[in-house]
Amino acid sequence: MFNFPFYNENQNKINIYAVMGVNYEDYCGENGGTPYCGYFDDNDVQRFDEIKRLAENCLYNEERGDQIVVLFDNDVIRARARAKDDIVFIGTKFAESSFVHEFSHSFGSLGDTYERDTVNQAFPEYPNCASDEQGYTCEDKWGDLIGTGEGDFQVGCFKNCGGSNWYRPTLRRDIMGAWVAQADFYDPVALRHMESLMERYE
């Protein structure tokens, strides 16, 4: 986490606690033959409530914006963030390369900015994705930043933000456009949003 510049610069606002030795099988299941955590069956709510109960041993406070990371010592566990539940599931095989990406979904409610051929039916609630719908356009969301920056980092309105009908802020994709660690930065729109969240903490 602290190898990523944004979090390195905010270390004084971050506390990390750990509960050790919990069996991942209590919180994961099989999906297509692969251990998978979250989004896969009707027992999710019960599992998440239990995870939050365990996290209370680390002074977890949901209202404060605390985040839970379930780190599995298992090379086949896939990463998944549950933004509405403030939980990130991640296996040791993927931890270093994808942790910040998944954590940004959970803590920052950021959307994926990589390309998908799918058409999103919902409005883009993510702060770093826009659409053609009134109230959700690039101008609505980050109009004051359009034209700032240089080259591939200049803020604008670029096709495909996790869906072919949504837009991302910059031509060059940040950490949200790279599931593995090919970027160590947030684009200006995502960065401003994340900075505003960090301002809540001393």
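Contact here means heavy atoms within 4.5 Å. By that criterion, the buried residues of helix H3 pack against H1, strand E3 (68–72), strand E4 (80–82), E5 and H5. The model is predicted. Its protein chain averages a pLDDT of 86, and 89% of the residues score at least 70.

**Confidence by element**
- Helix H4 (residues 138–142) has the highest mean pLDDT among the elements, at 98.
- Strand E2 (residues 34–36) has the lowest, at 66.

**Helix H3**
- Of the 14 residues of H3, 12 are buried, so the helix is largely enclosed by the rest of the structure.
- Among the buried residues are Phe99, Val100, Phe103 and Phe107. His101, Glu102 and His105 are also on that list.

**Nonpolar cores**
- The largest nonpolar core has 22 residues. Tyr7, Tyr186 and Met194 have the most contacts inside it.
- At least two residues of this core come from each of helix H1 (5–9), strand E5 (87–91), helix H3 (95–108) and helix H5 (188–198).
- Beyond its neighbours within four places in sequence, tyrosine 7 is in contact with residues including Val100, Phe103, Tyr186, Met194 and Met198. Met1, Phe2, Ile14 and Ser104 are also in contact with tyrosine 7.
- A second, separate core has 11 residues, including Cys28, Ile51, Ala55 and Ile77.

**Loop between E3 and E4**
- Valine 76 lies in this loop. Its relative accessible area is 46%, so valine 76 is partly exposed.
- Valine 76 and lysine 93 are 17 residues apart in sequence. Their C-alpha atoms are 7.0 Å apart in space.

**Salt bridges**
- The structure holds six salt bridges.
- Aspartate 144 and arginine 192 meet through their side chains at 2.6 Å, N to O. This pair links distant parts of the chain, 48 residues apart: aspartate 144 is in the loop between H4 and strand E6 (155–159), and arginine 192 is in helix H5.
- Aspartate 144 is exposed at 54% relative accessible area, whereas arginine 192 is partly exposed at 35%.
- Aspartate 66 and arginine 64 form a salt bridge at 2.5 Å, N to O. Aspartate 66 has a relative accessible area of 18%, so it is buried. Arginine 64 is partly exposed, at 42%.
- Aspartate 112 and arginine 116 form a salt bridge at 3.4 Å, N to O. Aspartate 112 is buried at 14%, and arginine 116 is partly exposed at 34%.

Methods: Residues are numbered from 1 along each chain as its sequence is written. This is a predicted model: local features need pLDDT of at least 70, side-chain atom pairs count only at pLDDT 80 or more; totals for chains, interfaces and linings use all residues. Side-chain values use heavy atoms; hydrogens and water are left out. pLDDT is the predictor's confidence in each residue, from 0 to 100. Helices (H or I, at least four residues) and strands (E, at least two) are DSSP runs, numbered from the N terminus. A nonpolar core is a set of buried Ala, Val, Leu, Ile, Met, Phe, Trp, Tyr and Cys residues joined through side-chain atoms within 4.5 Å. Buried means under 20% relative accessible area, exposed over 50%, partly exposed in between (1.4 Å probe, protein chains only). A salt bridge is a side-chain nitrogen of Lys or Arg within 4 Å of a carboxyl oxygen of Asp or Glu.
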